[in-house]
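Here are my notes on the model you sent. Keep the structure open while you go through the points.

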Amino acid sequence: MSDMMIEAVGLTKYYGNFAAIDDVSFSIKSGEVTAFLGPNGAGKSTSMKLLTGYLAATKGTAKIAGHDMASDRIAGAKKLGYLPENGPLYPDMTPRSLLRFFGDARGMSGRSLNERIATVVELCSLKSVYGKPIGKLSKGFRQRVGMAQAMLHEPDVLILDEPTAGLDPNQIHGVREMLRRIGKEKTILLSTHILQEVEAVASRVLFINEGKLVFNGTIAEFKEKGGDIQDRFRELTA
C-alpha cells in the first residue's frame, strides 16, 4: 500500500473566471510535517478545503490516505483531522461536552470514547479548563480545544490552517510543542504566516503564490540559495 497520506493531483478551483488555485500537485508521506506557505490570498486555505472535501475542485483530484475526497469522502474523513482557521466551536459548551458531542457524531462511545477524550485532553493540556465554557476561554485554549476535537478520532492525517494565528508568544510556544509531539506519529500539513514556525516544527515546505505551487522541497533546499526564510519568502513573491 502507498505511504502517501496526502495527495493533490492537478487541483484547480475557479470562481467564475478567477482561478483561486491552478494545477496544484504535491504529495506528503506518512509521518511528515509539511509547512504550507504563501502570502495572503495565494490559495492556501482553498487548497486545504479541497483536500478535506469541504470544497469541490473544478479539476483535479484530492486524496487522503488513498481515498478520493470527491467520491469517497466519508472514508477519507475517518482518516482526517481538520482545524480550519478560526475553527467553529460552540461557546456555551465546555471542552468536556464538546468532545463528547463530536465523539458521538463520529460514532464513538463507551470506554473507547472516554479513553480518547482523556488522551487528547492530556495531549492538548486542557485539564485546567475542562469544565469551563469555551466562550470564556482565551484564544490559546480555544485553539487547543479545536486541536483536541480534530485529533479525537485518532486520525492519521492532520490539516491545520493557521493554528497559531492571534496567539501570544507563550501560547505559540505551547502549540509548537504540541505539534512536535503529534508530528512524531501523524502526517501534518500546516498553513502558517509565522516563518519561525517552519523551522521549529516542519521538515518540508510547500510554497504557493497567485494560485500556483512555486516550491516543493525540504527546509534545507528552501534556504539553499543563502539568506533566511524571510529572504526566500520575499524572493518567491517578488
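1. Start with a term. A salt bridge is a side-chain nitrogen of Lys or Arg within 4 Å of a carboxyl oxygen of Asp or Glu. Glu-199 belongs to helix α7 (residues 195-201), while Lys-223 sits in the loop between α8 (219-222) and α9 (229-237), so the bridge ties together parts that are 24 residues apart in sequence. Glu-199 is partly exposed, at 45% relative accessibility. Lys-223 is partly exposed too, at 27%. Bear in mind that this is a predicted model.

2. How many salt bridges does a search of the whole structure find? The count is 10. Two further examples follow.

3. Look at helix α6 (residues 169-182). Glu-177 and Arg-180 are 3 residues apart in this helix, so about one helical turn separates them. Their side chains meet in a salt bridge, at 2.4 Å from N to O. Glu-177 has 29% relative accessibility and counts as partly exposed. Arg-180 has 33% and is also partly exposed.

4. Now go to helix α9. Arg-232 and Glu-235 form a salt bridge there, with an N to O distance of 3.0 Å. Why about one helical turn between them? Because Glu-235 and Arg-232 are 3 residues apart in α9. Are the two partners buried or exposed? Arg-232 is buried, with a relative accessible area of 9%. Glu-235 is partly exposed, at 40%.

5. Next, trace the open sheet. It has 6 strands, in the order β6-β7-β8-β3-β9-β10, and the pairing is mixed. Which strands stand at the edges? They are β6 (80-83) and β10 (212-218). Each has a single partner strand, so one side of each is left without a neighbour in the sheet. Neighbouring strands are turned by 15 degrees against each other on average, direction ignored.

6. Stay with edge strand β6. It pairs with β7 (residues 157-161) in the parallel sense, over 4 bridges. Within this pairing, Leu-83 has Leu-160 of β7 as its bridge partner. Follow the side chains as well. Leu-80 and Tyr-82 point one way from β6, whereas Gly-81 and Leu-83 point the other way. All four are buried.

7. Helix α1 (residues 44-52) touches β3 (33-37), β6, β7, β8 (187-191) and β9 (204-209). The direction of α1 makes about 150 degrees with that of β7.

8. Move to the start of the chain. Strands of a sheet pair through backbone hydrogen bonds, either parallel or antiparallel. β1 (residues 4-15) and β2 (residues 18-29) pair in the antiparallel sense, over 8 bridges.

9. β1 has another partner. It runs antiparallel to β4 (residues 59-64), and 5 bridges join the two. Here Ala-8 stands opposite Ala-62 in β4.

10. Now look inside. The largest nonpolar core has 44 residues. Those with the most contacts inside it are Leu-37, Met-147, Leu-160, Leu-179, Ile-188, Val-198 and Phe-222. A second, separate core has 23 residues, including Ile-21, Leu-50, Tyr-82 and Ile-159. Leu-160 of the largest core is also the bridge partner of Leu-83.

11. Take Phe-222 as a worked case. What does Phe-222 contact, leaving aside neighbours within four places in sequence? The list is Leu-37, Val-205, Phe-207, Phe-215, Ile-229, Arg-232, Phe-233 and Leu-236. Arg-232 is the residue in the salt bridge with Glu-235.

12. Finish with Asp-72. It lies in the loop between β5 (67-68) and α2 (73-78). Its relative accessible area is 33%, so Asp-72 is partly exposed. Ser-97 is 25 residues from Asp-72 in sequence. From C-alpha to C-alpha, Asp-72 and Ser-97 are 30 Å apart in space.

Definitions and conventions
Residues are numbered from 1 along each chain as its sequence is written. This is a predicted model: local features need pLDDT of at least 70, side-chain atom pairs count only at pLDDT 80 or more; totals for chains, interfaces and linings use all residues. Side-chain values use heavy atoms; hydrogens and water are left out. Buried means under 20% relative accessible area, exposed over 50%, partly exposed in between (1.4 Å probe, protein chains only). Two strands pair if DSSP finds at least two bridges between them. Axes are lines fitted to C-alpha atoms, for helices over the stretch in contact, and angles run from 0 to 180 degrees between N-to-C directions. Contact means heavy atoms within 4.5 Å. A nonpolar core is a set of buried Ala, Val, Leu, Ile, Met, Phe, Trp, Tyr and Cys residues joined through side-chain atoms within 4.5 Å.
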